[in-house]
Amino acid sequence: MCGIVGYIGNKEAFPIIINGLKRLEYRGYDSAGIALVQNGIVQYKKQGKVADLEQFSCTKNTSGSIGIGHTRWATHGEPNDVNAHPHTSMHGKFTIIHNGIIENYSSLCRQLAERGAYKCASETDTEILANLIEYVYEKEHVSAEKAVRIALSQVEGAYGLLVLCADEPDKIIAARNGSPLVIGVGNGEYFLASDATPIVEYTNRIIYLNDKEIAVISKHELSLKTLFNDTLTPIIQELDLDIECIEKAGFDHFMQKEIFEQPKSITDTFRGRASKNPPEIYLGGLYNVMDKLDKADRIIVVACGTSWHAGLVGEYAIEELARIPVEVEYASEFRYRNPIIRANDVVIAISQSGETADTLAAVRLAKNAGATVIGVCNVVGSSITRETDAGVYTHAGPEIGVASTKAFTAQVTVLTMMALFLGKRRKELATERYEELITELYNVPALIEEILLDNEKYLHVARLYKDAPNSIYLGRGILFPVALEGALKMKEISYIHAEGYPAAEMKHGPIALIDENMPVIIIATKDKSYDKVVSNIQEVKARKGKVIAVVSKGDTVIAQLADHVFEVPECDSFIAPLTTVVPLQLLSYHVAVLRACNVDQPRNLAKSVTVE
Ligand code: M6R
């Protein structure tokens, strides 16, 4: 939430920062701003997209080789020019950009008001922080760095922060607590950003700032400390990320590209972990917690949104194949309800970004309670990966579209591999079945290639239903979470109200909604519940609902009943979540495009939810 970018070096900072903000726009996109060190510090801010800021600034003086920029996802104060970052302190000494939330901002505001005539122009929590730093600086007569450290010691909440000081214009001060911040190291230049995507085209040498760390950066020097003033040695890591991965590569939208990338991202996720000959699973990332996993009485999955849906798929697979009880929790609920966590529990935290505030808090809670915590994350080096005891990366590559697609299938791939791996170790899974499922997993990329060939069909159905105000998604067993995921995709990018339900639950309420205007999307592939799902379709048709069914290829029974069918190649039911979700992703994508919605940056959302 909120993207921040900084540059200090010998090049023009403006294009680097604007370009970087565009790459980070998936984190927030209601307003944007930039501050540049010239003869003094100038700043330009604009409600709207980064392109609006760029347009607004093009007639202004944008020179300068030191600058900071921000793209906002509003928490405090509506999106407008005034609330856009950067914010400058009242006497003009400090200009800051901030990602996170200053939780005690009202008490800080009160204290500042009592101490002097500090007034804020905006409604943001960030401006208070700029004023607090300035207050400390002026009152204590300390350096800018020390003023930032003292001010931050009074702050409760999360921040990734970049600070410019008018009296020390040759440096950028960066600090982090809870919101990510990375520093790219170039030759006589440094790049700062919320994640590595704005940096990768300039350097692959990266320093990840940890919580409660502060960096003071000039063109030729970087000093790193804790907020308690202990000097640290910066650790430079090599970044493994290609620029092509963060471009649209000829697709109209990132979401579309990411849907079509799934054969590759799934292959990348099982590469080196699933072998075909002989069929075997190796999850090296789990080896150092193997004794805990062997003894685990229970697995608790914590996650949010799409990752939570992947966790539900994992629940079905792990319980059935490895016979370990699994509970899947919304991280936001788990962290606040005093959950019972035992030392023999293994907690799996699933997160594409690895930065989701609630999931990270759930990880910390579980660790403090003595549980073993495993991360299933996509972003390498993200906070969750650094705080968990072990982990398995989903090698989906950067996911830029706010609506998660390839991350979901990569997460499900990892969880399916875990279920197989644990099933074998616990001797719950016959060798034949284990090998059969690994072979099926290997076929998934080819099956998805086949499903993607039907793109025109998804577009055709999207045209027919794009104006429906509501929709219902139904699935049973391991395909119920796919129904939830299909509904989430539809609502988040097309703003059509969509509900996901277990198909059998329909009779307990949602059936009342069905009439001739209600599209009902039913996942009805051949598995042990098939006959029951066919009955559910008949119940919908009896009430004149419109049925769009995802069926196994060649199904003639449902083809007779449903208004439209999306065929997917037949596969094992444990593999079906990976195939059946694809038509639902594309259906939502086309509906959203036809409704002229901003597919990659849906309203009110942000890719990485680093506030609770
Ligand atoms: O980065 P995470 O996987 O932790 O994110 C969790 C959710 O915020 C995310 O899945 C969200 O629901 C997506 N917009 C879904 O498409």
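Q: Which residues of helix 14 and helix 19 meet?
A: On the helix 14 side they are Leu-441, Val-444, Leu-447, Ile-448, Ile-451 and Leu-452, and on the helix 19 side Leu-578, Thr-579, Val-582, Pro-583 and Leu-586. Keep in mind that this is a predicted model. By class, that contact has ten nonpolar residues, one polar and no charged.

Q: Why is helix 14 called roughly parallel to helix 19?
A: Their axes cross at roughly 25° and come within 9 Å. Angles under 35 degrees count as roughly parallel, so the pair gets that label. As for handedness, the crossing of helix 14 and helix 19 is right-handed.

Q: What makes helix 15 oblique to helix 19?
A: Helix 15 (residues 455-465) packs against helix 19 at an angle of about 50°, with the axes 8 Å apart. Roughly parallel needs an angle under 35 degrees and roughly perpendicular needs 65 to 115, so helix 15 counts as oblique to helix 19. Helix 15 also passes helix 19 in a right-handed crossing.

Q: Which residues make the contact of helix 15 with helix 19?
A: Helix 15 brings Asn-455, Tyr-458, Leu-459, Val-461, Ala-462 and Arg-463, while helix 19 brings Pro-583, Leu-586, Leu-587, His-590, Val-591 and Leu-594. Sorted by class, that's nine nonpolar, two polar and one charged.

Q: Why is helix 13 called roughly antiparallel to helix 14?
A: Helix 13 (residues 406-425) and helix 14 (residues 431-452) pack at an angle of about 165°, and their axes are 10 Å apart. Anything over 145 degrees counts as roughly antiparallel, so this pair qualifies. Here the crossing is left-handed.

Q: How do you know which residues of helix 13 and helix 14 meet?
A: Contact means heavy atoms within 4.5 Å. Thr-413, Thr-416, Met-417, Leu-420, Phe-421 and Lys-424 in helix 13 meet Tyr-434, Leu-437, Ile-438 and Leu-441 in helix 14.

Q: What makes a space a cavity here, rather than a pocket?
A: In a cavity a 1.4 Å probe fits but cannot get out, whereas a pocket is open. Three cavities of 30 Å³ or more are counted. The largest cavity holds about 80 Å³ of space.

Q: Which residues lie nearest the centre of the largest cavity?
A: They are Cys-2, Trp-73, Thr-75, His-85 and Gly-100, out of 15 lining residues. Strand 6 (94-102) and helix 4 (125-140) are the elements that give two or more residues to this lining. Strand 6 has the largest share, with three residues. By class the lining has five nonpolar, eight polar and two charged residues.

Q: How much space lies in the largest pocket?
A: About 1000 Å³. It is lined by 44 residues, and Asp-240, Leu-241, Asn-378, Gly-397 and Pro-398 are the closest to its centre. Strand 11 (205-208), strand 15 (237-238) and helix 7 (262-270) each give two or more residues to the lining, with helix 7 giving the largest share, three residues. The lining divides into 16 nonpolar, 13 polar and 15 charged residues.

Q: What is phi of Lys-544 near?
A: Phi is near 70°, a positive value in a residue other than glycine. Lys-544 is in the loop between helix 17 (530-542) and strand 26 (546-552).

Conventions: Residues numbered from 1 in each chain as written. Predicted model: local features only at pLDDT ≥ 70, side-chain atom pairs only at ≥ 80, totals over all residues. Heavy atoms only, no water. 1 Å grid on protein atoms, 1.4 Å probe; cavity = no way out; pocket = protein on both sides within 12 Å on 5 of 7 lines; lining within 4 Å. Points joined across faces, edges and corners; volume = space filled by probe spheres on them. Helix = DSSP H or I, 4+ residues; strand = E, 2+ residues; numbered from the N terminus. Nonpolar A, V, L, I, M, F, W, Y, C, P; charged D, E, K, R; others polar. Axes fitted to C-alpha atoms, helices over the stretch in contact; angles between N-to-C directions. Left-handed = near helix turned anticlockwise from the far one by under 90°.
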